Amino acid sequence: MLPFEEEIKEGYYIRTFDSKTPIDEFVWHRDQEDRWIEPIGETDWRFQYDNEVPIPLQKLFIEAGTYHRVIRGTGELTLKIIKQNG
């Protein structure tokens, strides 16, 4: 089971993460396609690439096969995701 709800739009996805989701569900992972992610609204959630320090969640490009994770903050997180090769 994934730690988000997903809505498919024309050309992009909207993912919503709940701050009540247990921290251990936000696991390191990698995706099969390049993607842009962008938070909708202000957030204190963070993003982390493997072997790097966490950064504020902002518009980011993630290359396919790159290990990364989302670090839970307060409140709900909504992301717009545009997949490039999938």
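Let us start at a turn: asparagine 51 takes a positive phi near 65° in the hairpin of strand 4 and strand 5, where five residues lie between the strands. Strands here are DSSP runs of E with at least two residues, numbered from the N terminus. This is a predicted model, in which local features need pLDDT of at least 70, side-chain atom pairs count only at pLDDT 80 or more, and totals for chains, interfaces and linings use all residues. Residues are numbered from 1 along each chain as its sequence is written, and side-chain values use heavy atoms, with hydrogens and water left out.

Strand 4 covers residues 46-49 and strand 5 covers residues 55-56, and they pair in the antiparallel sense over two bridges; to count as a pair, two strands need at least two bridges found between them by DSSP. Phenylalanine 47 has isoleucine 55 of strand 5 as its bridge partner.

Strand 4 has another partner to visit. With strand 7, residues 68-71, strand 4 forms an antiparallel pairing over four bridges. Here tyrosine 49 is bridged to histidine 68 in strand 7.

Next, find the open sheet of five strands, whose order is 1-2-8-3-6 with antiparallel pairing. Its edge strands are strand 1 (5-9) and strand 6 (60-62), each of which pairs on one side only. From one strand to the next, the twist averages 25°, with axes taken as lines fitted to C-alpha atoms and angles running from 0 to 180 degrees between N-to-C directions.

At one end of that order, strand 6 pairs with strand 3 (residues 35-39) in the antiparallel sense over three bridges.
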